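Here are my notes on helix packing and the core. Please read them with the structure open.

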There are 2 protein chains.
Amino acid sequence: MEISPSPSSPRSDHTAELLRSRILDGVLDPGTLLAESAVARELGVSRVPVREALFALEQDGLVAFSDSGRAYVKELSPFDFEELYVLRLTLEPVAARLAAPALRENPLALEANIRATSKAPALLQVTQLDLDFHEIILEASGNRRLLKLWRSIRHELALWLGRLHRSKQLQTRGTRSETVSSHEALVTAFKTKSPAECERLMRQHVLGWREWLPTTEVQP
Amino acid sequence: MEISPSPSSPRSDHTAELLRSRILDGVLDPGTLLAESAVARELGVSRVPVREALFALEQDGLVAFSDSGRAYVKELSPFDFEELYVLRLTLEPVAARLAAPALRENPLALEANIRATSKAPALLQVTQLDLDFHEIILEASGNRRLLKLWRSIRHELALWLGRLHRSKQLQTRGTRSETVSSHEALVTAFKTKSPAECERLMRQHVLGWREWLPTTEVQP
DNA sequence: ATTCACCAAACGGTATACCGTTTCAAGATC
DNA sequence: GATCTTGAAACGGTATACCGTTTGGTGAAT
């Protein structure tokens, strides 16, 4: 029996994709009601695929449901961010350790990502490529459930970072070069160090990433 | 705006509940096709709530979809179990550290769980209460996303353990007393030790739990 | 006996329709 | 002016129906 993690659904996939980008791009403000009927009318599809798309987006953490079953664009608080940060700090070092053997064999994807980052025109692309870099590591970990967890966290992080960026609360100075050099250090570690050392370095990397962001002054 | 993690859906919730128990109880064998029409007909509801229930069960890891969109009762391999084990080993020690302050204040739920475990009549109840014990800790961690992750992992673990139990591959001797004493040790730690020490002990606990299970001889 | 072509039944994706509930604002009451 | 009432519109939950695709077996061809 062939198994894939989810069914292929052109309409609902397309709907989810479109809503996802609108949410991440900030076209839809936090708290906006996503009524099935309205979205369906606008996109020219029925409510059924919209409904499925909303469920998918809930899983991504981009949408939340009220008690009455209404879907809203998710509002993220500093408290939410701290939760996400704890998860990163927990999962990513382990992923780095698991991925180390595979990445030692083939670090090409990581290196290509670094080259792309060094040429990225804008801060938003850098943060996007930064998340891509980490996703490559999660993929290389070989743990499908770990990767799935990362993806759901990633969407929420992208949402958080996008909102910070739009409200001009992300510091720009040196971001690209800092990102590139610290990613280069990680790649070197993958190629030459032990998995345990890679784990330790990844932990430091995530800790350092946290320092870049505006303080949220919330106890995790 | 009041937000809850998921919409309340009597029909679809009930359907999911029923299918979940049938899968966990082994009434439905791994690989069994769960056709929307058939399930709907049997339960006397329409396909819509069944569809939603199947999506929910996929998130629990109890159901997988084929490329053509058909839902099947999930088949778990030793490889899957290793993935789950790695996640436990990663998440639970962190949860223990985060939960330590709250559990030091109020360990009543844990202690009640231990009393119930010591009176549990059968092995299957013991393993169920064991998972409950850990879920209490995850709840006390205060990290909602961490708890959500644990719940999805928990369902898959329960599925795995249930299948082992039915195929008589779980050792029974001493399970209850071992579980009780090791949980008691954890509660003592929560009441008297530092969060960091609780984290370390939880890690040992999960490592020890792994030893109880039949070896799967698969590299994680 | 094996493989291939074919077809009918079954299934999933989606559209539409119905119904009870929730929502929210206009109007009534204090 | 603030609060409560109320009713129409909007919304979500669900049932039913239509359609193209997948599936699994039957019979033909080799």
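1. In chain B, helix H1 (residues 10-24) packs on helix H3 (residues 47-60) at about 50 degrees, the axes being 8 Å apart. Axes are lines fitted to C-alpha atoms, for helices over the stretch in contact, and angles run from 0 to 180 degrees between N-to-C directions. H1(B) is therefore oblique to H3(B); angles under 35 degrees count as roughly parallel, over 145 as roughly antiparallel, 65 to 115 as roughly perpendicular and the rest as oblique.

2. This is a predicted model: local features need pLDDT of at least 70, side-chain atom pairs count only at pLDDT 80 or more, and totals for chains, interfaces and linings use all residues. Residues are numbered from 1 along each chain as its sequence is written, chains are lettered from A and ligands numbered from 1 in the order written, and side-chain values use heavy atoms, without hydrogens and water.

3. In chain A, look at helix H6 (residues 123-140) and helix H8 (residues 175-192): their axes come within 10 Å and cross at roughly 15 degrees. That makes H6(A) roughly parallel to H8(A). Contact (heavy atoms within 4.5 Å) involves residues including Phe133(A) and Ile137(A) of H6(A), and Leu186(A) and Phe190(A) of H8(A).

4. The largest nonpolar core has 112 residues. Ile137(A), Phe190(A), Ile137(B) and Phe190(B) touch the most other members. Such a core is a set of buried (under 20% relative accessible area, 1.4 Å probe, protein chains only) Ala, Val, Leu, Ile, Met, Phe, Trp, Tyr and Cys residues joined through side-chain atoms within 4.5 Å.

5. Leaving out residues up to four places away in sequence, Phe190(A) touches Ile137(A), Leu103(A) and Cys198(A), among others.

Conventions. Helices (H or I, at least four residues) and strands (E, at least two) are DSSP runs, numbered from the N terminus. Buried means under 20% relative accessible area, exposed over 50%, partly exposed in between (1.4 Å probe, protein chains only).
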